[in-house]
Amino acid sequence: MRISEENRNIVLLATVMLCCGAVAGTLTLLEPALGPALEERVAERAVIDVTRTSIQAPVRVVGAPFEPNVNPRER
């Protein structure tokens, strides 16, 4: 049985949708086991180290400040 040329795009789309749905469903089923540990790691990284940011030297900006062109007819 061969797929007619007119239906090949639909068959390809359906195949990709089924594969993506299977991956998403598997990850959804596994999420409760993986979720809390990931959230704790993100919370640990969210803390900002103030001492490190104050050591950095200020940056000097050279050139004209950026002004967006809101009216393209006027330059």
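Predicted model: local features only at pLDDT ≥ 70, side-chain atom pairs only at ≥ 80, totals over all residues.
Cysteine 19 takes part in none, and the nearest cysteine sulfur, in cysteine 20, lies 6.9 Å away. That separation is too far for a bond.

Buried means under 20% relative accessible area, exposed over 50%, and partly exposed in between, with a 1.4 Å probe and protein chains only. Of the 75 residues of the protein, 1% count as buried.

As for the fold, the protein has two helices and zero strands; these are DSSP runs, helices (H or I) of at least four residues and strands (E) of at least two.

Finally, the basis of these values. Local features need pLDDT of at least 70, side-chain atom pairs count only at pLDDT 80 or more, and totals for chains, interfaces and linings use all residues. Residues are numbered from 1 along each chain as its sequence is written, and side-chain values use heavy atoms, leaving out hydrogens and water.

Key: Disulfide = S-S within 2.5 Å.
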